[in-house]
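Dear colleague,

Please find below the structure that I am handing over to you. My notes on what was found in it follow directly after.

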Amino acid sequence: MDWTAIGTLNDIPPLGARTVETPLGQVAVFRTAEDEVFALINKCPHKGGPLSEGIVSGRKVACPLHNWVIDLNSGEAVAPDNGCTTVVPVKIEDGLLYLAPPLPPVAMATGPSLPREGGGV
Ligand code: FES
């Protein structure tokens, strides 16, 4: 997998997000209260709202437009809503954040959990 350095964990406020432009579109990189990081294509599965502007709570983000709640790990909307946004592999190594191209949905559904290296995750 081709990993691309995008900055440091401290570039993202706790319970916040920053966006990264990629050839595949804008990616939202989220930081939880526990300093975990997750990355999703920055489009809500409902009507494309900017998830990076949503409220992070636990491992979920609430879309700022109509309040759908999206699971940061799977990219899936929490019931009763139904939809999925693309997950982008992200890892921390020595305090640096790296992104990889999004995996195909089938691989995300059945593949192993994302590699997480370095401390604090
Ligand atoms: S666009 Fe996200 S909830 Fe409607």
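D35 counts as partly exposed, because 14 C-beta neighbours lie inside 10 Å; a residue is called buried if 20 or more other C-beta atoms lie within 10 Å of its own, exposed if 12 or fewer, and partly exposed in between, with C-beta atoms placed from the backbone. D35 lies in the loop between β3 and β4. Strands here are DSSP runs (E, at least two residues), numbered from the N terminus. D35 has a positive phi of about 65° although it is not a glycine.

Please note that this is a predicted model: local features need pLDDT of at least 70, side-chain atom pairs count only at pLDDT 80 or more, and totals for chains, interfaces and linings use all residues. Residues are numbered from 1 along each chain as its sequence is written.

The hairpin of β3 and β4

The turn that holds D35 belongs to a hairpin formed by β3 and β4, with five residues between the two strands. These strands run antiparallel and are joined by five bridges; two strands are said to pair if DSSP finds at least two bridges between them. V29 has A39 as its bridge partner in β4. G25 is found in β3, which covers residues 25–31. From G25 to I41 the C-alpha distance is 7.0 Å, although the two are 16 residues apart in sequence. G25 is partly exposed, as 13 other C-beta atoms lie within 10 Å.

Is β4 enclosed or open? Five of the five residues of β4 are buried, so this strand is largely enclosed by the rest of the structure. V37, A39 and I41 point one way from β4, whereas F38 and L40 point the other way. In a regular strand the side chains alternate between the two faces of the sheet.

The nonpolar core

A nonpolar core is a set of buried Ala, Val, Leu, Ile, Met, Phe, Trp, Tyr and Cys residues joined through C-beta atoms within 7 Å. The largest one has 27 residues, and V29, F30, A39, L40 and V90 have the most contacts inside it. At least two residues of this core come from each of β3, β4 (37–41), β8 (90–93) and β9 (96–99). The largest share, five residues, is supplied by β4. Leaving aside residues up to four places away in sequence, F30 touches A17, V37, F38, V56, V61 and L72, where contact requires C-beta atoms, placed from the backbone, to lie within 7 Å.

The three-stranded sheet

An open sheet is formed by three strands in the order β1-β9-β8, with antiparallel pairing. Its edge strands are β1 (4–8) and β8, each of which pairs on one side only. Four bridges connect β1 and β9 in the antiparallel sense, and T4 stands opposite L99 in β9.

Backbone points to check

Most residues other than glycine have a negative phi, and most peptide bonds are trans. D94 is placed in the loop between β8 and β9. D94 counts as exposed, because it has 8 C-beta neighbours inside 10 Å. The peptide bond from A79 to P80 is cis, with omega near 10°. P80 is found in the loop between β7 (69–71) and β8.

With kind regards

Key: Two residues are in contact if their C-beta atoms, placed from the backbone, lie within 7 Å.
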